[in-house]
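This report describes one protein structure in plain terms. Please look over the sequence and the model before reading on.

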Amino acid sequence: MKKIISSFVIMMFALAQVAAQDEISGVVIDKVNEQPFGYVSVALLQGDKVVKGVMSDEAGEFLIEGVSTGTYTLKVSFMGYSDATKTFNISGKNKKVKLGNIEMYEDTKMLKEVEVVAQGSQGRFEIDKKVFSVDQSIAAAGGDATEVLQGIPSVEVDNDGGISLRNNSNVEIWINGKPSGLSDDNRAQVLEQMPAENIESVEIITNPSAKYSPEGSAGVINIVLKKDIKPGYYGSVNAGLSHAVRSDKVGERLGGSVTFNAGKWDGTANVGFRNDYKGSETEVNRYYNANDGSLSSIMYQDTWQRTRRTGVNGSLNLNYRINDAHSIGVAGRVGWRDQGYDSKMDYKKVDAVADTVEREYKRVIDGGRNPLNVNANIDHSWNFDKYGSSLQTSFLYSHFGDEKNYNYLQKGYNPLDQNQITDNDNTTYEFKSDLSKKIKTHIIEAGVNVKYQDRKSNSSVEDYDGTAYAKNPLLIDNYRYKEQLYAAYISYGSRIKNFSYQLGVRGEYVIVDNSSNGVANPQKSYFQPFPTAFLSYSLPRNNEIQLNYTRRINRPRGGKLNSYHDVSDSTNVSFGNPDLDPEYVTALELNYIKSWEKHTFSASIYYHFTEDVIRSFQFMDVDSVLNTTYMNTTKESQAGAEFVLKNSFTKWFNLTTTLNLFYEKIDASDFSLPASLLTDVTPIDSRIHIAGDEDFSWSAKALGNFMFTKTFTGQLTAAYRSSRLVTQGEQKGFFTLDIGLRKTFWDKKLTLAFTARDILNSRKTEKTTTSNHFKQYYNSVPFGPNFRLTATYNFGNGKKSKKNRDQGQDRDDREDETGIDPVDEF
């Protein structure tokens with residue numbers, strides 16, 4: 001790995017030395033909003049022949065090198081805008097041509113009359129992130145954010161809503177470029193409340209810069225919500241039905257959205273209702289070993305569970321443009337759900353020697369929860385010079401509440417009747433201010449970030465004594481976690497011809513307090529620096545290569561710290577460890593992008609080294625109960641290569657393919673269970689040994705889009721994940737297949753979408769775990785396949801304002817008079 005990285009670095013600097021000195025530069029400007037226009041196609045022509053082609057960067061800037069003397073025409077184009085052209089001559093010794101601002105105007109005629117007869121792109125690749133459009137995702141129609149992420153390359157979602165990126169579950173979820181306040185405890189709940197119709201795109205950022213929080217060693221998944229600013233008003237309403245093959249219930253969904261832009265105001269509002277069902281069937285076989293290693297007993301456990309989810313959600317985004325330099329935005333999201341749950345479990349434990357039944361019982365769980373998620377933020381934006389320098393200031397508030405009430409009724413061995421009541425309340429306040437100062441090819445970024453989190457979890461268990469329920473004093477927990485974070489960062493970036501770089505550092509000081517039942521655990525406070533470095537070189541013929549380095553952190557929170565024992569399954573008890581420390585990650589990544597007219601290829605080589613790894617592990621107690629908790633155990637190395645290929649083969653078919661190769665090495669760990677974890681547990685052996693291991697695994701995903709006619713499209717998503725390491729064992733691989741069909745009517749005002757997810761009923765979780773005292777096989781299969789039918793009706797005027805129409809007409813008139821822009825001599 002070191003040799004590979006060294007070779008690429010040497011190659012980059014060697015290419016920088018031999019690069020040609022002649023260049024053409026400029027900045028693309030969107031005249032509709034007077035802002036830099038990023039990711040626009042820029043072509044250099046001699047006659048009708050394209051000599052070179054590039055794409056403008058995020059700041060609208062472009063640079064073309066290696067041009068000889070002669071007469072050229074620069075053509076800048078983007079769908080929905082009139083082409084901007086500029087013709088000029090290059091002569092003499094001075095070959096550095098600065099074209100200044102290239103202004104782009106919307107083409108009103110095109111927007112009104114153009115008819116799309118080719119299948120739209122699924123996304124675009126940039127050197128620091130990959131952006132995937134959700135509008136093209138038929139399979140997610142009528143679904144939620146979790147189902148959207150299942151179709152995104154590099155992202156995996158398990159049956160419990162757990163999200164991983166490149167085989168790493170330590171990933172941060174942002175919404176509209178801001179931390180969303182989601183944690184391991186509430187992530188699945190919140191994302192299931194977010195309708196897919198409200199999502200515009202998903203950005204995969206594997207190595208964020210110093211400007212952003214260093215949390216999440218795998219990187220960041222940024223969910224971008226729809227926010228269209230075309231003048232006028234427009235919106236949609238939708239309704240859908242869903243059904244899983246092994247479920248006897250039908251789900252319903254209703255929703256609507258409206259967007260407007262009038263004068264200095266623009267905004268978007270969404271509202272939705274859903275009532276659906278999900279479930280699974282799980283089989284667990286556990287083999288217990290005697291002290292001499294021989295088989296002593298076998299446990300068989302079969303569980304059927306179903307969840308009903310009925311909820312509403314809504315969001316509102318408003319933006320007020322004070323003038324050309326200042327704007328204020330406010331946004332809010334709310335989601336509430338009434339979730340019912342019922343489960344049936346059959347349990348049997350057999351003496352393997354005597355072949356007799358030791359224990360046998362049936363356990364029924366009935367109850368529900370009411371999660372409430374509220375987010376609000378206010379932003380101020382100030383653009384203060386012609387280079388695009390800005391000051392962005394924001395205040396964010398998020399709240400997640402979750403009331404749970406479950407009844408456990410066990411008949412047979414050790415009969416019991418219990419109620420478990422839990423009330424979670426997580427509140428976050430955050431202030432951010434980010435300054436970006438641009439001076440030609442130089443950029444300085446600096447900012448501050450203050451964040452306060454207050455997390456409360458109150459739990460209790462009531463035992464039924466034959467006449468009434470009474471609280472069990474041994475199963476009461478009032479847990480509180482408070483975190484203060486103070487951060488500042490600075491970075492500097494510049495570009496020298498085709499070579500660009502950015503160096504930065506972020507410092508964070510954190511204070512953590514947590515307590516259980518009024519007893520405070522020792523306060524933890526620490527300061528840590530997080531340096532970042534990004535090097536990038538643009539090669540000829542639309543090639544680009546980048547090397548970056550970051551230091552990142554994973555902080556334990558919520559259930560990983562709370563020592564309360566979850567007894568929802570009396571044979572599998574889980575609890576947290578309040579003594580956990582953060583784990584620190586060193587991340588290196590080498591990226592390469594090559595673009596052709598209809599094809600894009602992206603390759604990444606990445607390496608992560610983690611210290612103080614937080615691992616969940618299992619141990620057996622003297623009552624044959626399997627206990628699961630967490631420890632900082634050892635070190636871990638991960639390396640991989642990811643390849644993404646996007647092909648537009650024809651007007652009616654395009655394909656996006658992802659291949660991820662992954663190597664993982666886990667060092668062995670040997671430790672004693674701390675006394676703080678054993679207040680209510682007596683282990684068979686307090687000494688835990690987790691063997692070191694290494695493994696190679698891989699995953700692949702292919703997403704094909706078909707256009708059968710101008711109004712009838714289809715989508716096929718196939719994914720395979722090989723077997724991989726888990727703590728104390730292995731999880732088996734599986735293959736999944738989703739299909740989607742979409743038909744439009746009445747000039748695309750009405751859309752019908754049909755989706756079939758997991759049509760092979762193969763999206764299952766199957767794993768084996770082993771320790772000195774047991775071996776366990778676990779297999780969970782969700783209700784599937786799942787079918788969904790969704791109807792969407794679009795409405796509105798969506799017309800251009802008079803001011804913009806006049807600007808576009810003026811531009812057309814100037815081009816009609818001259819044919820081309822004036823010829824400039826250099």
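Lysine 451 lies in strand β25, residues 442-464. Strands (E, at least two residues) and helices (H or I, at least four) are DSSP runs, numbered from the N terminus. Leaving aside residues up to four places away in sequence, lysine 451 touches Thr428, Tyr429, Glu430, Glu483, Gln484 and Leu485, a contact being heavy atoms within 4.5 Å.

## Basis of the model

The model is predicted: local features need pLDDT of at least 70, side-chain atom pairs count only at pLDDT 80 or more, and totals for chains, interfaces and linings use all residues. Residues are numbered from 1 along each chain as its sequence is written, and side-chain values use heavy atoms, with hydrogens and water left out.

## The protein as a whole

The protein has five helices and 50 strands. Of its 826 residues, 51% are buried. Among contacts between residues at least 6 apart in sequence, 67% join residues at least 24 apart.

## Salt bridges

A search of the whole structure finds 25 salt bridges. In one of them, the side chains of arginine 253 and aspartate 276 meet at 2.8 Å, N to O. Arginine 253 lies in strand β18 (residues 250-262) and aspartate 276 in strand β19 (residues 265-289), so the pair ties together parts 23 residues apart in sequence. Arginine 253 is buried, at 12% relative accessible area, and aspartate 276 is buried at 2%.

Glu215, Glu483, Arg506, Glu508, Arg555 and Arg557 are linked in a network of salt bridges.

## A positive patch

Which lysines gather in a patch of positive charge on the surface? They are Lys96, Lys98, Lys386 and Lys440. Patches are made of residues with over 30% relative accessible area and no salt bridge, with like charges joined within 9 Å and nonpolar side chains (Val, Leu, Ile, Met, Phe, Trp, Tyr) within 5 Å. The place of a charge is taken as NZ of Lys, CZ of Arg, CG of Asp or CD of Glu.

Lysine 386 lies in the loop between β22 (356-383) and β23 (390-412). Its relative accessibility is 74%, so lysine 386 counts as exposed.

Definitions and conventions: Accessible areas come from the Shrake-Rupley method with a 1.4 Å probe; for residues, only the protein chains shown count as cover. A salt bridge is a side-chain nitrogen of Lys or Arg within 4 Å of a carboxyl oxygen of Asp or Glu. Lys and Arg count as positive and Asp and Glu as negative; His and the chain ends are not counted. Buried means under 20% relative accessible area, exposed over 50%, partly exposed in between (1.4 Å probe, protein chains only).
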